[in-house]
Amino acid sequence: MSDAVLRAEGILRAACGDRVRTRFPMAPLTTFRIGGAAALYVEVESERDLVAAGRAVADTDLPALVVGKGSNILVSDAGFGGLVLRLGKSYRWAARDGTRVTAGGAMPLPALAGIALRHELAGLEFGVAIPASLGGAVRMNAGAHDREIADVAERVEVFRLRSGASSALRADEAGFGYRTSGLPEDAVVTAATLALRPGEHDAIRAEMDAAREWRRRTQP
């Protein structure tokens, strides 16, 4: 283990304790179930954890990787020589305010689509076809069935690892493009607000079924 990894581990353990893992296998974190180990891994549960992760990266120059549901990454058999972060259970939440739904970055997109259905809110039906966390979906402007996150995103909350600061961006400041965004590399998406619209339960469910069928037909 390199000196940089050891220094980063010490910084992280001071804040996260035994949640810091070394030589952590990454294959179980990905859809394809392949790949080697991460030098360091931690599930962050608070901004304090994120601050420690940012300090570990800044002080050691280790590369950092944020993983969500792992549906869009391939990991080398050689593994990853830096710090892998994953948002933990405290970032898996959702709240509704009228036609807006705000959720934590770890919230699975299909589950969020289900919450929208329960409140008869339309616009997120395509989310059932995307096996991603909200944070990952925002980061890559995930889409399916001719819709994408940029169509419904209103506000994005991020934590910058390098500066150790939180901020909120309007959707038009996120630089959304086709399956990409302009968010900085060190930005961790901790939450987002989606602007939906009233709809009828049966019509929303029908759209969700169509999105599921689209995925079945188009995905290997």
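Which residue in β4 is the bridge partner of Ala38? The structure to be read here is a predicted model, in which local features need pLDDT of at least 70 and side-chain atom pairs count only at pLDDT 80 or more, while totals for chains, interfaces and linings use all residues. Residues are numbered from 1 along each chain as its sequence is written, and side-chain values use heavy atoms, with hydrogens and water left out.

The partner of Ala38 is Phe80, and this bridge belongs to the parallel pairing of β2 (residues 37-44) with β4 (residues 80-87), which extends over six bridges. Strands here are DSSP runs of E with at least two residues, and helices are runs of H or I with at least four, both numbered from the N terminus; two strands pair if DSSP finds at least two bridges between them. The two strands belong to an open sheet of four, arranged in the order β1-β2-β4-β3 with mixed pairing. At its edges are β1 (21-25) and β3 (64-66), each of which pairs on one side only. On average, neighbouring strands of this sheet are turned by 40° against each other, direction ignored, where axes are lines fitted to C-alpha atoms, for helices over the stretch in contact, and angles run from 0 to 180 degrees between N-to-C directions. Helix α1 (residues 3-16) packs on this sheet and touches β1, β2 and β4, its direction making about 20° with that of β2; contact means heavy atoms within 4.5 Å.

A second open sheet has five strands in the order β5-β6-β12-β10-β11, and its pairing is antiparallel. The edge strands are β5 (94-97) and β11 (165-170), each pairing on one side only, and neighbouring strands are turned by 20° against each other on average, direction ignored. Six bridges join β10 (residues 153-160) to β11 in the antiparallel sense, with Leu169 in β11 as the bridge partner of Val156. Helix α2 (residues 47-60) packs on this sheet, where it touches β10, β11 and β12, and its direction makes about 55° with that of β10.

Within strand β12 (residues 187-195) lies Thr193, which counts as buried because its relative accessibility is 7%; buried means under 20% relative accessible area, exposed over 50%, and partly exposed in between, using a 1.4 Å probe and protein chains only. Leaving aside residues up to four places away in sequence, Thr193 touches Arg100, Val101, Thr102, Val152, Ala153, Glu154 and Arg155. With Thr102, the side chain of Thr193 also makes a side-chain to side-chain polar contact of 2.8 Å, a polar contact being a pair of N or O atoms within 3.5 Å, of which, within protein, one must be able to donate a hydrogen and the other to accept it, and residues adjacent in sequence count only if both atoms are side-chain atoms.
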